[in-house]
Amino acid sequence: MIAAHFPALQVVIPLIGAPVCMLVRYRDWSWAVALACSWAALAIAWLMLQQVLAGGPVSYALGGWAAPLGIEYRVDTVNAYVLLIVSAIGSVVMPYARRSVRHEFGTARVYLFYTSYLLCLAGLLGVTITGDAFNLFVFLEISSLSSYVLISLGKDRRALTAAYRYLVMGTIGATFIVIGVGLLYHNTGTLNMMDLAARIAASTADRTIGAAFGFLVVGISLKLALFPLHLWLPNAYAYAPSMVSAFLAATATKVALYVLLRFLFTVFNLELSFGVMPLDIVLLVLAVIAMFAASTVAVFQNNLKRMLAYSSVAQIGYMVLGISYATVTGLTAGILHLFNHALMKGGMFLALGCVFYRIGSVHIRDLHGIARTMPWTMAAFVLGGFGLIGVPLTVGFISKWYLIVGAIDRGWWVVAVLVLLSSLLAVAYVWRVVEAAYFRPPSEAAKQASDAPASMMIPTWILIGASIWFGIETSLPVGVAERAAAELLGAGR
Amino acid sequence: MQTALGLYNYWIVIFLMMAGFYIVVAHDNLIKKIVGLNIFQASVFVLYITFGKVTGGTAPIVDPAFAVYSNPLPHVLILTAIVVGVATTALGLALVVRINEAYGTIEDDEISAQDIEP
């Protein structure tokens, strides 16, 4: 049965797609290959989520080598959910990519762009699905290396320096992860995550495991751009091609967040992560600072992609805040926001990509009055912005609701108030765009603009529409997130 | 063997790690940063190889004459990590070439000076 091989196919299809893309060379065909691989990945992720929800975790021995010795792919609710998010974003962004990439990148050697994209997708899916700590590092580097390439392809020369800085910081992060994994292997003699979990739980926490824990947490935090390790992110997302900003903002940091969840709750147990190590309070403080500092910086950005990038750092703060509660409600909020933020931020970056396609700029000065000539694009952007603020009937409201309920459950009233206060900062930076786009006289560029072509508008509206739909009909994301949170905490006991 | 001197491998690892990390952080020259990154990664390779050492063990090749082998798994893992390191270095240097073409310099402070928002 082919269904038995879904875990392998999930990664192998985009991984094989990448060289195929390179061989066909012709631009539309390479795009078609990338599109087909993304959709296939989405179909597999969806079927696997159904499988996992119905029958519990799926374990797959790669190449027939059984678990502790061979590499195991292990799919439970948490990573089936993340796989679905990553492949869904890839599938929605690909139809958009055809025009956007041709516009920003030209037609020469465009197949290399899609090759990098497929490698990045394969890497992200691989990180999510693998049950082996060292395999995770390899996939992490596949996705990171290809995302450095994708970012450096931006039109602005600052894309090059942004990619370089990301490369340096990303490699330091990855090397920290290798050191952590090495120390764990040194102490336990295994690399399989479930095996590691069992052996760490059985041993008393000694200094080697503590050091491994520290290296891993710092390394992963670099990858997920947790304040104050976020310095690579704003320029990388601001100067990357539009499609890449949307794809990476919605997936790369989310996958890193999943890795953090996996290590904190599955590999290390709850007692070690938040008891022996006072990580909950550290995460709480950093998350709150991220929410305020990054949102405040976002208010003063004139490059709107940079504004969204800083807003991403703040939103990562909310997700990490949920994790720091270490309760089912808190984790639900974190995982839910991971899903919701991917929809909102992906949609908003796509909307800005449409603006860039028409007027060649995302500077707020050039967007004056643009809502008159690009009404649908700006409507999408503003609806996404409502989500970031947390207006009711958007997904942002649902995740903030769970965050606040979780804070009150723990008796942390101050945190609940801080979540609300930081939302006001989101009002400020979204309002600046609304004011410029709707209430200012049109700029020269804006007068000539019109809504982007349908192949770009439809993907934008699919993501924004989903961010409204799941704000009203919450059973799928909330149900799965709750189950995932319960599983993560259950595995720690 | 367990004395501080006996663990000299680890002292070398720590020295290389800190030296590499310092170069990455402190130097403005983009190529020197890549060199620092390489030293930093190399220290981790040595760390893994050290883990794999079994006292009195030979190279892990099956031979009836020997019973004690070094652990080959860390060696294999590090082969993979070396490949990743080479790819990273190649990409980093390629980016430096492109940066040099775009800015005419590979000094970080001079690049930042050129990029101040108008």
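## Two loops in chain A

Leu393(A) sits in the loop between α16 (375-389) and α17 (395-409) of chain A. Helices are DSSP runs of H or I with at least four residues, strands are runs of E with at least two, and both are numbered from the N terminus. The phi angle of Leu393(A) is near 75 degrees, a positive value in a residue other than glycine. Leu393(A) counts as exposed, at 55% relative accessibility. The cut-offs are these: buried is under 20% relative accessible area, exposed is over 50%, and partly exposed lies in between, with a 1.4 Å probe and protein chains only.

Another loop of chain A runs between α8 (207-224) and α9 (233-239), and Pro228(A) is placed there. A cis peptide bond joins Phe227(A) to Pro228(A), with omega about 0 degrees. Ala225(A) is also in the loop between α8 and α9 of chain A. Its phi is near 60 degrees, a positive value in a residue other than glycine. Is Ala225(A) buried or exposed? Ala225(A) is buried, at 0% relative accessible area.

## How to read the model

This is a predicted model: local features need pLDDT of at least 70 and side-chain atom pairs count only at pLDDT 80 or more, while totals for chains, interfaces and linings use all residues. Residues are numbered from 1 along each chain as its sequence is written, chains are lettered from A and ligands numbered from 1 in the order written, and side-chain values use heavy atoms, leaving out hydrogens and water.

## Where chains A and B meet

The contact (heavy atoms within 4.5 Å) takes 30 residues from chain A and 38 residues from chain B. Together the chains bury about 3,000 Å², 75% of it on carbon and sulfur atoms. Buried area is the accessible area (1.4 Å probe) that two parts lose on being put together, summed over both.

## Bonds and make-up of the interface

How many salt bridges cross the interface of chain A and chain B? The rule finds one. A salt bridge needs a side-chain nitrogen of Lys or Arg within 4 Å of a carboxyl oxygen of Asp or Glu. Here the side chains of Asp108(B) and Arg165(A) meet, at 2.7 Å, N to O.

On the side of chain A that touches chain B, the elements giving two or more residues are α5 (133-152) and α6 (158-188) of chain A. The largest share comes from α6(A), with 19 residues. By class, this side has 20 nonpolar, six polar and four charged residues. Ala, Val, Leu, Ile, Met, Phe, Trp, Tyr, Cys and Pro count as nonpolar, Asp, Glu, Lys and Arg as charged, and the others, Gly among them, as polar.
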